[in-house]
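Subject: Structure for you, with notes

Hello,

Here is the structure I promised to pass on. Please open it alongside this email, as my notes follow it piece by piece.

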Amino acid sequence: MPKNSKVTQREHSNEHVTESVADLLALEEPVDYKQSVLNVAGETGGKQKVAEEELDTEDRPAWNSKLQYILAQIGFSVGLGNIWRFPYLCQKNGGGAYLVPYLVLLIIIGIPLFFLELAVGQRIRRGSIGVWHYVCPRLGGIGFSSCIVCLFVGLYYNVIIGWSVFYFFKSFQYPLPWSECPVIRNGTVAVVEPECEKSSATTYFWYREALDISNSISESGGLNWKMTLCLLVAWSIVGMAVVKGIQSSGKVMYFSSLFPYVVLACFLVRGLLLRGAVDGILHMFTPKLDKMLDPQVWREAATQVFFALGLGFGGVIAFSSYNKQDNNCHFDAALVSFINFFTSVLATLVVFAVLGFKANIMNEKCVVENAEKILGYLNSNVLSRDLIPPHVNFSHLTTKDYSEMYSVIMTVKEKQFPALGLDPCLLEDELDKSVQGTGLAFIAFTEAMTHFPASPFWSVMFFLMLINLGLGSMIGTMAGITTPIIDTFKVPKEMFTVGCCVFAFFVGLLFVQRSGNYFVTMFDDYSATLPLTVIVILENIAVAWIYGTKKFMQE
């Protein structure tokens, strides 16, 4: 200790030695908080003292275990997009080649941004509003923006859970109600519904039976009472899961986060045993390397990384705020990010194993229909029997035989061929039909499951998985709304949470009108993309230039 320090001087003086720590501190010169390293953006000492007191959150709820916390983050980040968005992007952007830019951008962009949100939530132990207000009071609006985006997304996201609830209850019957077109009976005459016959049974059921959709967004058509009840059930489930905060939602996460993996594993095993599953998987992962040079592929990969991890919503910050400040968030960021990636790849395998099976079924149906056309032309002497290869047997016509017959007819009857109306019936064409979003879950996948043995069981499992995936994401979305508001305004937790659910249900009636699907599509396309991008950019600016990167990493 320096000889000129006050304590040393007192030891050599005749003054009474102060034994109290409080007295020792009182004898020291006051600390200039304006010069303190904890002062941000020129805060005064009094304000900084308040900020320090706000970090003293010993009474804040905490996760029961590290596993519960990790499952909560996985449940929030792994959602419906992993099931119906990632496989579509993978197919559209070069198959297996798309995984390279996705993985590169996950490491360069995804994990650092995810770590940033984990770290600030864990260090400051507040929701999004409190976190950014602590960094700089002028940036508190970032947290409010996150809350508004969460509200917009939660309004329509829970409608999708409501749709899944509807299909879930409809799955408890055999045959499944979307397996066949409805028959209209007029006395003794039975006619298949013309609109259904032109499209497909699953498409007709989705648009006419489930949604009862109007012709345009301007035609409200009134409430769809079936979907209104399902929306009420969905908000009731979410409300019960989040009403007690992490005490209730943490327990729900054990099931809602793990059950989808059980279902995906079951579907993968079942899918690989289906005829044509390998065709779908090979088509999916056959790399088109030229796509890797397309900037659009990298842009879409970056967008998917950005939204797959739930960045900017405030849910990640809210969940991490219930952690201890010494928790290893570096490890958490990498673990959750790679589990998210693994889930996307697993879901892609499942989706294209099932769609490969469906493509084979549809291709065989195409061959049968066109073979009947050719037989009709042969019987009416439009085509000569000399055009049919001798080994072709119309009773057991294979895809290869039809392809050979099609090529001969197209070559010989080149001028008249377009008038014949024959289709090539190529498996590749069926596999190339890109399907995403609700079209994948409620049309393509449901149609494939009608061909499964014990189809009601698989349908129940599939839609129960969608409900749980949606529930995990909704818990995180609700945490992005309730945690910052409760922390900032000290409102009663249970009352405010129930009030949010009731309010959201009534506003959500917009989406269960007969025109509701148009509003869901509009909100999905426009309500979050640009706002979340701006939010995350501002979060980076706040940490890197206002708070300071070095200080951030030290803390």
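Does Asn360 count as buried or exposed? Its relative accessibility is 13%. The cut-off for buried is under 20%, so Asn360 counts as buried. Please keep in mind that this is a predicted model.

Asn360 sits in helix H17. Leaving out residues up to four places away in sequence, Asn360 touches Arg275, Gly276, Asp279 and Leu427.

**The chain overall**

The protein chain holds 25 helices and two strands. It has 555 residues, and 52% of them count as buried.

**H17 against H18**

H17 also packs on helix H18, residues 399-412. The two axes are 10 Å apart, at an angle of about 45°. Angles under 35 degrees count as roughly parallel, and those from 65 to 115 as roughly perpendicular. H17 and H18 are therefore oblique to each other. The crossing of H17 past H18 is left-handed.

On the H17 side, the contact is made by Asn363, Val367, Asn370, Ala371 and Ile374. H18 brings Thr399, Tyr402, Met405 and Ile409. By class, six residues of this contact of H17 with H18 are nonpolar and three are polar. No charged residues take part in the contact of H17 with H18.

**H9 against H24**

The next helix pair is H9, residues 140-170, and H24, residues 516-526. Their axes come within 10 Å and cross at roughly 135°. Only angles over 145 degrees count as roughly antiparallel. H9 and H24 are therefore oblique to each other. H9 passes H24 in a left-handed crossing.

Which residues meet here, in H9 and in H24? From H9 they are Phe152, Tyr156, Val159 and Trp163. From H24 they are Asn517, Val520, Phe523 and Asp524. The contact of H9 with H24 divides into six nonpolar residues, one polar and one charged.

**Backbone points to check**

Most residues other than glycine have a negative phi, and most peptide bonds are trans.

- The peptide bond from Tyr174 to Pro175 is cis, and omega is near -5°. Pro175 is placed in the loop between H9 and strand E1 (183-186).
- Arg125 is not a glycine, yet its phi is positive, at about 55°. Arg125 is in the loop between helix H7 (99-124) and helix H8 (128-135). With a relative accessible area of 12%, under the 20% cut-off, Arg125 is buried.
- Asp212 also is a residue other than glycine with a positive phi, near 45°. Asp212 is in the loop between helix H11 (201-210) and helix H12 (225-242). The relative accessible area of Asp212 is 33%, so this residue is partly exposed.

How many residues separate Ile485 and Ser128 in sequence? They are 357 residues apart, but 8.9 Å apart in space, C-alpha to C-alpha. Ile485 belongs to helix H22, residues 455-489. Its relative accessible area is 15%, so Ile485 is buried. Setting aside neighbours within four places in sequence, Ile485 is in contact with Ile129, Lys490, Val491 and Phe496.

Asp326 and Gln122 give another such pair. They are 204 residues apart in sequence and 8.3 Å apart in space, C-alpha to C-alpha. Asp326 lies in the loop between helix H16 (315-320) and helix H17 (329-379). Is Asp326 buried or exposed? Its relative accessible area is 67%, and exposed means over 50%, so Asp326 is exposed.

Best wishes

Key. Residues numbered from 1 in each chain as written. Predicted model: local features only at pLDDT ≥ 70, side-chain atom pairs only at ≥ 80, totals over all residues. Heavy atoms only, no water. Helix = DSSP H or I, 4+ residues; strand = E, 2+ residues; numbered from the N terminus. Buried < 20%, exposed > 50% of the residue type's maximum accessible area, 1.4 Å probe, protein only. Axes fitted to C-alpha atoms, helices over the stretch in contact; angles between N-to-C directions. Left-handed = near helix turned anticlockwise from the far one by under 90°. Contact = heavy atoms within 4.5 Å. Nonpolar A, V, L, I, M, F, W, Y, C, P; charged D, E, K, R; others polar.
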